Amino acid sequence: MVPWEGYVSDETMGTFAPIVLYWVYAGGYQLILHRRPLERYRLHTRAEEEEKNLVSLPAVVRGVLLQQLVQAIVAMILFMVTSDSSVTVVQPPIVVQIFQFLIAMLVMDSWQYFVHRYMHQNKFLYRHIHSQHHRLIVPYAIGALYNHPLEGLLLDTLGGAISFLVSGMTPRTAVFFFCFAVLKTVDDHCGLWLPYNIFQNLFQNNTAYHDIHHQLQGTKYNYSQPFFSIWDRILGTHMPYNLVSRKEGGFEARPLRD
């Protein structure tokens, strides 16, 4: 039993709930990002954000909305092709759902690592496609899905579809998986190192880890996203770092390699 049962289908929720959740969670971060009491948790100063970032907030919002439009269309097609209205879908036992969740996480991580890394290694793809995301040298939550439309389709949307298909999860389980992936992705770009943040405490691949990748000295490292750092560690692209306090307040993720 889920709260939306009897009101909307699992397929509809799987399509639109992650989009709504993105704006609620990222919007919440955006509202608190420039609050003075939270200056002591920032990974970059306001001055760095204004000086280094190469794209305005309105342009970022437009870019994210375009990606989410494509995402919604692909999700509707995916559920339409894989669903059979004549068959009643029965949720598997919770243990099976947890296993499917983990498989989907590993599949998504693998897909995104290799596609992401190739977009850095291929000069044409980086210059014309992936560099759009790196216009945000100082990441913030709303910019988590600020990508070139083709990258958004290949990296995020197609990666999510493959994770869903390979794991064998039901549309209902997919609602929770897609929402979880969105929350994690937004958090990785939030620009704040917060106490008691469950994502930052449970995952080594977190806000500071991904912040290293957005810095000029880290663009060839820390490709893994959004969950684990397994592929970085196996394939030698892991960039260790120290999280140090700045004199003026806040933190800095400082790479341990030159």
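Helix α6 gives the most to the lining of the largest cavity, contributing six residues. The model is predicted, and a search of the whole structure returns two cavities of 30 Å³ or more.

The largest cavity holds about 460 Å³ of space. Its lining is made up of 30 residues, and those nearest the centre are Q71, M108, D156, T157 and G160. At least two lining residues come from each of α1 (10–33), α3 (57–82), α4 (94–121), α6 (149–167) and α7 (171–188). Sorted by class, the lining of the largest cavity comprises 13 nonpolar, 14 polar and three charged residues.

The second largest cavity holds about 50 Å³ of space. L33, R42, L43, H44, E49, V138, P139, Y140, C190 and G191 form its lining. Six of the residues lining the second largest cavity are nonpolar, two are polar and two are charged.

Zero disulfides are present in the structure. C179 takes part in none, the nearest cysteine sulfur being that of C190, 18 Å away. C190 is likewise in no disulfide, with the sulfur of C179 as the nearest cysteine sulfur at 18 Å. For a disulfide, the two sulfur atoms would have to lie within 2.5 Å. C179 is classed as buried because its relative accessible area is 13%, under the 20% cut-off. C190, a lining residue of the second largest cavity, is also buried, with a relative accessible area of 1%.

Conventions: Residues are numbered from 1 along each chain as its sequence is written. This is a predicted model: local features need pLDDT of at least 70, side-chain atom pairs count only at pLDDT 80 or more; totals for chains, interfaces and linings use all residues. Side-chain values use heavy atoms; hydrogens and water are left out. Buried means under 20% relative accessible area, exposed over 50%, partly exposed in between (1.4 Å probe, protein chains only). On a 1 Å grid over the protein atoms alone, a cavity is a set of points where a 1.4 Å probe fits but cannot get out, and a pocket is an open set with protein on both sides within 12 Å along at least five of seven lines; lining residues have an atom within 4 Å of a point. Grid points are joined across faces, edges and corners, and a volume is the space filled by probe spheres set on the points. Helices (H or I, at least four residues) and strands (E, at least two) are DSSP runs, numbered from the N terminus. Ala, Val, Leu, Ile, Met, Phe, Trp, Tyr, Cys and Pro count as nonpolar, Asp, Glu, Lys and Arg as charged, and the others, Gly among them, as polar.
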